[in-house]
Amino acid sequence: MRQPKGGERLIDGLIEKEWRQHRGLILMIPVLLTSGFVILGSLEAISSLGGSSLAILSWTLFLFLPLACLVLANALVASEFRQRTQIFLEGLPLPRWHLIGVKYGFGWLITSAAATLLLIIAHWAAGGSEAMTMRFAALLWSKSLGWAWFCWAAVFAHAFLGRYRILIGLVVVIGLMWVEKESGVPINRFGPFELIGDRFAFERYEIPWTEGCITLAMILVLTVLGFALGSVRDATLASLLSETMSAREKIVLTALAIFFLMLIGSNVEREYKTDPLHLPGAVDIAQNAATISAAAAVQEPTHEENEAIRSHSQSIAECLSSAATFLRIAKLPTLFMVHRRDMKPDEFDDGNLDSRQGYLIRFNMLDTPPESEILRSHILKKVLDVHQHYRLGTDERGWVLEGFASWWPLRDRQSTPTDVIRSRQLELACSGLRIDEADITGWLRFKENLEDERVASTVAAVGLMVLGQMGEESRRTFLGNVLGYNAPHDFRAWLHDTWFSVPTLLQRDLRLNSFQLAKNWTTALQSGALQSGALQSGTPTPP
Amino acid sequence: MPDQVDSPNVLEVRGLRRHFGNVAAVDGIDLTVQAGEIYGFLGVNGAGKTTTIRLLMGIIAAEAGTISLMGHRTRRTSIALKRRIGYVSQEQNFYPWMSCEMLGKFVGSLYPTWDKQEFHRLLEVFEIPPLRRVSRLSGGMKAKLGLALAISPKPDLLILDEPTAGLDPVARREFMEIIVAQARNHRRTTFFSSHLIDEVERCSDRIGIVHAGRMRFEGQLDELRSQVRRIVTRNHPIPLPDAFDLWSERSQEGVTRRTYRAGAADWNLIELPEGAEFERLSLEDIFIACVSPRGVSV
């Protein structure tokens, strides 16, 4: 009888050992990820960002899958060194690459299964509200798997970095976050990050070839790195790099190498043009500066729904186009509108797209009238914010945006500032807050303290009306300079905002300083409120 | 790739070197282990015993030198050769969650020659409960389990790296008796390292003394005893021919003790003058003289 060779039973033995050793953890990983999905879904901040369970899935993949990979790699790789069992293994006739291969394959299988499971759960949680075509499902699955494999390859290599691996990991992650924040280098647009990025939940057609290829290349590089680190006999970087280098030098070098690899990749990625979303069967409208693509998130929209989509597209295009002309903006970001049957009237979900891709909004087009001032105000505000890469939310510029977005849809119906106030007088009167007119900062503080966004925007709109007193052309110049400047998506935007701050522009375009503005503002607000009779309730009482 | 060599020796090492940074852990070691013998590899802590064994096992790579294992010359021991070696390391770092039986199954999957019955028999002989978890075994039981795992594949060569380190004297003696019995009954070549002289003296056919990464002596114990002598003089030291290798020197209260190894020289040709005499040396005395820095008082 033929005796089996050692190698034939070796793989079976290794697999059985890994399974027996880690089965508890392996079964815990789906529980961990599902819990993460549920937690993120229950957080309003996250769920309102994405507006669908698929967006929550992308957040879960981004936040919790790397965590699961870390736990898994720690158990599969790092624990061997921690428990010193690698000394036992080294004495056995066991080729290292067999051992590493089994561990890598084990983790690869588990992360793939976990990503697939999450996708199934997300689809189930969507409750059928997401039209799941074969193409869309395949896109979601391949993107999820790409991200999962990237995470596993990166974490697997990281696990071989020895006792300093946590420090190295932290330095790399924090370094990348810092670079992205301070320099504006869009690391989140790089290969694997883009796969589960802004477009994950919405892109139903385009195959991300470039990102896919970058991700596959990175997976390959990291896998080779992981196997190389694991195959080094002493299992430390000291053996991988030259013997004469100190451990500290080696660690710093490795961290820098990974960091610069990502940085170079991100800069290369910046050069790529971002393709817009493709919404199958969409109504596409291009009117002057405005570009709109609207579709239904259902397979076969009814005739009424198609009409509503068309009507909304036309109405919003006119609103955006006129605003852009007024502000002298040549091109606004593309607006993607998706009709959702399951949403309430005047309920909006903002899709979390990158600013260069455009802005996506999901709402019920059938039940929300096209002339809705709230809808127009919301879309205008968001599109202008996206136009400036989400920088307008900062204090000094925020009130201008809110004021403009609130005022613009009403501009033809209202002839005086008091009319605007009157339309929301009750909300303003009931805010119960003391108005501080000392300077512009006081106004901003007042605005911040108001919980109701509509009240805040009303107050801001009054500010805009006050600006009108300086002459229409001056106001237009000021607004155009604040809202219309499309700064580059990096540190140059920060420089621009510093040099052309709102107080500077007030002085330059309107010949009005902050104190005068605040004084006039208070008067206008007080006048409007007094006319409405709302102050009889006792609030607010500006001096 | 290992070369085929025609040699009756199970293990031959020539000029083996390995540095860790600036430290020469193994500095040109030569040793020979003949078939069926028990070879005691003696040295103080840090002498280079474990590094030598790790080099023999292919765990770390040699910078220079050759290893001939069972007729195959190589720089680094291949997996195929490792399958013919039973290895017991200094520390028993088994998976603590495994039962002894499970551990045997795992290790057995790596050896084509694994003898399951023999493993179970050894567990029984060593009084190790097969279903007990490794984490619940005492140090002595773990060492015996390591030996059972090393013997069960019926290896041609058994390498043990200070297998009794950390065991109490009773367990140590019992363990070494098992090793000797195994070696004698199966004519299994056994190479074990130790820093305990009595252990090496009791069990070994031949010994090698390593110090500071170099071999200071290799041969039979009787040979060592006959070659090494200490001369005690009251006045001036007696000059000896260069063929006599001075291992150590100690002077106290006008009495000088010099320990020499004769090597190729003959002690019978030396006639001691008046006032000088040979001192009887135990193996421990010889070992201490051997591992002290050359010519320095001990």
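This is a predicted model: local features need pLDDT of at least 70, side-chain atom pairs count only at pLDDT 80 or more; totals for chains, interfaces and linings use all residues.
1. Helices are DSSP runs (H or I, at least four residues), numbered from the N terminus.

2. Residues are numbered from 1 along each chain as its sequence is written, while chains are lettered from A and ligands numbered from 1 in the order in which they are written.

3. α13(A) is mostly covered. Of its 15 residues, 13 are buried (20 or more other C-beta atoms within 10 Å of the residue's own, C-beta atoms being placed from the backbone). Just after α13(A), H389(A) has a positive phi of about 55°.

4. In chain B, α5 (residues 139-151) packs on α6 (residues 169-186) at about 10°, axes 10 Å apart. α5(B) and α6(B) are therefore roughly parallel (angles under 35 degrees). The α5(B) side of the contact is G140(B), A143(B), K144(B), L147(B) and I151(B); α6(B) supplies A171(B), F175(B), I178(B) and Q182(B). Contact requires C-beta atoms, placed from the backbone, within 7 Å.

5. Between chains, 21 residues of chain B contact 23 residues of chain A. On the chain B side, the elements giving two or more residues are α2 (79-82) and α3 (100-108).

Conventions: Axes are lines fitted to C-alpha atoms, for helices over the stretch in contact, and angles run from 0 to 180 degrees between N-to-C directions. Angles under 35 degrees count as roughly parallel, over 145 as roughly antiparallel, 65 to 115 as roughly perpendicular and the rest as oblique. Two residues are in contact if their C-beta atoms, placed from the backbone, lie within 7 Å. A residue is buried if 20 or more other C-beta atoms lie within 10 Å of its own, exposed if 12 or fewer, and partly exposed in between; C-beta atoms are placed from the backbone.
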